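Dear colleague,

Please find the structure below, handed over for your files. My findings follow it.

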Amino acid sequence: MPLPSTPAPAAPRRTLTRALSATVAGVATTAYYATPDFIGSRTARGWTKAGLSAVILASSVPDFLAARAAARAEAEARAAAWAAEDGLEDGLEDGLEGGLEAGTDEEADAADAADDGREDVPDNTLAPTAEDVLER
């Protein structure tokens, strides 16, 4: 018997949901490919296939949302681990107050522009410009 503070395991519910989604998608896919055998009218067949496509798409939404939530949680965990590794006690927001807002990026941009004399070229440009080609 789980303790009152311990949440109940959610695996059986999730497994049932995934099994139901897979069954619905499988039946709808089979029906999608079987429509020419059962529906003679091209218009009716097109509308039926559109409806079955919507059912197939809708059956995949729970898995998509679960995967997106898991990826988001993993990204937040990695960000928290990164913040803890760098010694930022209160998370990323507090760590940015003294570093990036102090103008270090602007100073670096100015130094980069002074080095090559081209202020209008972004720092992340990897392709050669027309001036680079003409200089060669």
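This is a predicted model: local features need pLDDT of at least 70, side-chain atom pairs count only at pLDDT 80 or more; totals for chains, interfaces and linings use all residues.

Alanine 66 is found in helix H2, where helices (H or I, at least four residues) and strands (E, at least two) are DSSP runs numbered from the N terminus. With a relative accessible area of 30%, alanine 66 is partly exposed; buried means under 20% relative accessible area, exposed over 50%, and partly exposed in between (1.4 Å probe, protein chains only). The C-alpha atoms of alanine 66 and arginine 14 are separated by 9.8 Å, although the two residues are 52 apart along the chain.

Residues are numbered from 1 along each chain as its sequence is written, and side-chain values use heavy atoms, with hydrogens and water left out.

Overall architecture and confidence

The protein contains 5 helices and 0 strands, and its elements run α-α-α-α-α from the N terminus on. Of its 136 residues, 10% are buried. The accessible surface comes to about 11000 Å², of which 60% belongs to carbon and sulfur atoms; such areas come from the Shrake-Rupley method with a 1.4 Å probe, and for residues only the protein chains shown count as cover. Among contacts (heavy atoms within 4.5 Å) between residues at least 6 apart in sequence, 38% join residues at least 24 apart.

The mean pLDDT is 75, and 58% of the residues reach 70 or more; pLDDT is the predictor's confidence in each residue, from 0 to 100. Confidence is highest in helix H2 (residues 42–85), at a mean of 91, and lowest in helix H3 (residues 92–98), at 48. Over residues 94–102 the pLDDT is below 50, and this stretch has 4 contacts in the model beyond near neighbours in sequence.

Salt bridges

How many salt bridges does a search of the whole structure find? There are 2, a salt bridge being a side-chain nitrogen of Lys or Arg within 4 Å of a carboxyl oxygen of Asp or Glu.

In one of them, the side chains of aspartate 63 and arginine 18 meet at 3.6 Å, N to O. Aspartate 63 lies in helix H2 and arginine 18 in helix H1, so this pair ties together parts that are 45 residues apart in sequence. Helix H1 spans residues 11–38. Both partners are partly exposed: arginine 18 has 49% relative accessibility, and aspartate 63 has a relative accessible area of 29%.

Arginine 78 counts as exposed at 54% relative accessibility, whereas glutamate 74 is partly exposed at 47%.

A buried serine

Serine 59 is also placed in helix H2. Its relative accessible area is 9%, so serine 59 counts as buried. Leaving aside residues up to four places away in sequence, serine 59 touches Ser21, Val24 and Ala25.

Aromatic residues

The structure holds 1 aromatic pair. Rings of Phe, Tyr and Trp (its six-membered ring) pair if their centres lie within 6.5 Å; planes under 30 degrees apart count as stacked, over 60 as edge-to-face and the rest as tilted. The pair consists of tyrosine 32 and tyrosine 33 and is edge-to-face, with 5.2 Å from centre to centre and 85 degrees between the planes. Tyrosine 32 is partly exposed, with a relative accessible area of 23%, while tyrosine 33 is exposed, with 62%.

Yours sincerely
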